[in-house]
Amino acid sequence: MNTILVQNISDLIRRSHHILLITDERIDGDTLGSTMGLFHVLTNAGKRVSVFSPKPLPETFRYLPMINIIQRNDAVLKQPTIDLAIVCDSSDGVFLPSALSKMFHKVPLISFDHHLTNPNYGTINVVEPTAASTADVVWRFVKAAGYTITPNAAQCLLTGIITDTQVFFSANTTNAAVKAAAELLKYGAKLPDIIRANYVNKTPNFLRIWGIALERLFPDDAFGGIATVVTQKDILDIGASAEECESIAGVISEFLNAVLDDTHDIIVVYRETNDGHVKGSARARTKNVAAVAERLYGGGGHKLAAGFKIMNARMQELPNHRWHVVRSTVDRIKKPAA
Ligand SMILES: [Mn+2]
């Protein structure tokens with residue numbers, strides 16, 4: 001990491017009295033892990049830190065040390081004492097300006113990210129598109145700046161690396177990410193706890209829906225890949241909770257991407273939401289699935305991992321066991337979460 005950049009950020013942090021950390025609105029292990037990692041590093045360095053997250057925290061991440069200090073009320077943004085803001089893993093140039101506009105003062109903003117699409121909205125931007133996760137970008141900064149790393153900080157940062165690489169399974173896994181993980185283990189991170197919380201530990205209801213989805217696999221002409229569907233009827237029949245449903249498309253698409261043979265490149269999981277829309281999670285081995293998701297449904301994300309939302313739609317099964325999207329008369333398309 002560029003020494004001048006590290007120096008500039010360290011100077012901003014040293015001069016600050018009250019730092020605001022903000023997660024992305026698409027809550028995942030990386031935005032939470034890198035944000036909470038910085039929280040532990042900065043509080044350990046004697047800094048006053050507030051953390052804001054715009055969305056509820058999934059139960060999966062309850063194991064992250066001190067996760068309960070995260071505040072969801074906008075009031076946290078309005079504190080007049082805040083003189084520096086840091087955001088992690090937020091490539092969206094829309095959410096963040098709207099959050100920042102609620103702040104009492106305009107303050108310098110540091111952005112750590114690894115999304116190619118990051119529009120560099122920060123005062124200082126540390127955006128490394130080749131990095132496997134924002135957490136390993138943050139780790140390289142923390143190390144270069146000479147901060148003390150506590151076991152709690154290590155556990156949070158390792159969570160970001162492990163979840164964004166699917167435990168070093170996904171194609172974005174880099175030498176730097178594996179090296180960072182090895183270093184964080186030395187500082188006290190507990191890898192088995194991270195894997196247990198994120199990758200096993202599934203409820204029976206979740207597994208039942210997973211089973212239905214596997215049985216339904218069909219060739220999907222729209223994406224040119226293989227797809228499956230989770231309907232509202234499945235969710236109601238099984239009695240799955242809203243929490244279980246929220247992550248299910250992502251989990252199943254990751255699983256299929258891991259286990260399907262090489263004759264399939266694109267994998268799509270469609271899920272009907274309880275408010276009448278269809279959300280999709282798409283994965284690819286080599287093709288640019290974000291481009292396909294964008295062309296078809298105004299979706300987006302990473303080249304190999306994308307998401308989309310089809311407003312006012314439902315899934316319908318055809319006689320040949322294939323499924324297609326049926327839109328209702330009001331046909332609006334909204335920018336999605338990956
Ligand atoms: Mn990430």
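1. Let's start with a pair of helices. Helix 4 (residues 134-145) and helix 5 (residues 151-165) pack with their axes 7 Å apart, at an angle of about 140°. Axes here are lines fitted to C-alpha atoms, for helices over the stretch in contact, and angles run from 0 to 180 degrees between N-to-C directions. Helix 4 and helix 5 are therefore oblique to each other. As for that word, angles under 35 degrees count as roughly parallel, over 145 as roughly antiparallel, 65 to 115 as roughly perpendicular, and the rest as oblique.

2. Which residues make this contact? Helix 4 supplies Thr134, Ala135, Asp136, Val138 and Trp139, and helix 5 supplies Leu157, Gly160 and Ile161. Two residues are in contact if their C-beta atoms, placed from the backbone, lie within 7 Å. By class, the contact of helix 4 with helix 5 has five nonpolar, two polar and one charged residues. Ala, Val, Leu, Ile, Met, Phe, Trp, Tyr, Cys and Pro count as nonpolar, Asp, Glu, Lys and Arg as charged, and the others, Gly among them, as polar.

3. A word on what you are looking at. This is a predicted model, in which local features need pLDDT of at least 70, side-chain atom pairs count only at pLDDT 80 or more, and totals for chains, interfaces and linings use all residues. Residues are numbered from 1 along each chain as its sequence is written. Helices (H or I, at least four residues) and strands (E, at least two) are DSSP runs, numbered from the N terminus.

4. Helix 4 has another partner, helix 1 (residues 3-15): their axes come within 10 Å and cross at roughly 80°. Helix 1 and helix 4 are therefore roughly perpendicular to each other. Val6, Ile9 and Ser10 of helix 1 touch Phe141, Ala144 and Ala145 of helix 4. This contact of helix 1 with helix 4 has five nonpolar, one polar and no charged residues.

5. Helix 5 also packs with helix 7 (residues 191-199), at an angle of about 50° and with axes 10 Å apart. Helix 5 and helix 7 are therefore oblique to each other. In this pair, Leu158, Thr159, Ile162 and Thr163 of helix 5 meet Leu191, Ile194, Ile195 and Asn198 of helix 7. The classes here are five nonpolar, three polar and no charged residues.

6. In what order do its five strands run? The order is 2-1-3-4-5, in an open sheet with parallel pairing. At the edges are strand 2 (48-52) and strand 5 (124-127), each of which pairs on one side only. Two strands pair if DSSP finds at least two bridges between them. On average, neighbouring strands of this sheet are turned by 15° against each other, direction ignored.

7. Leu20 has Ala85 in strand 3 as its bridge partner.

8. Helices lie across these strands too. Helix 2 (residues 29-44) lies across strand 1, strand 2, strand 3 and strand 4 (109-113), and runs at about 165° to strand 1. Helix 4 lies across strand 3, strand 4 and strand 5, running at about 120° to strand 4.

9. Finally, step back to the whole protein. It is divided into domain 1 (3-199) and domain 2 (204-334), with bounds from an automatic or database domain assignment. Their C-alpha centres lie 29 Å apart, and five residues of domain 1 are in contact with five residues of domain 2. The side of domain 1 that touches domain 2 has three nonpolar, one polar and one charged residues.
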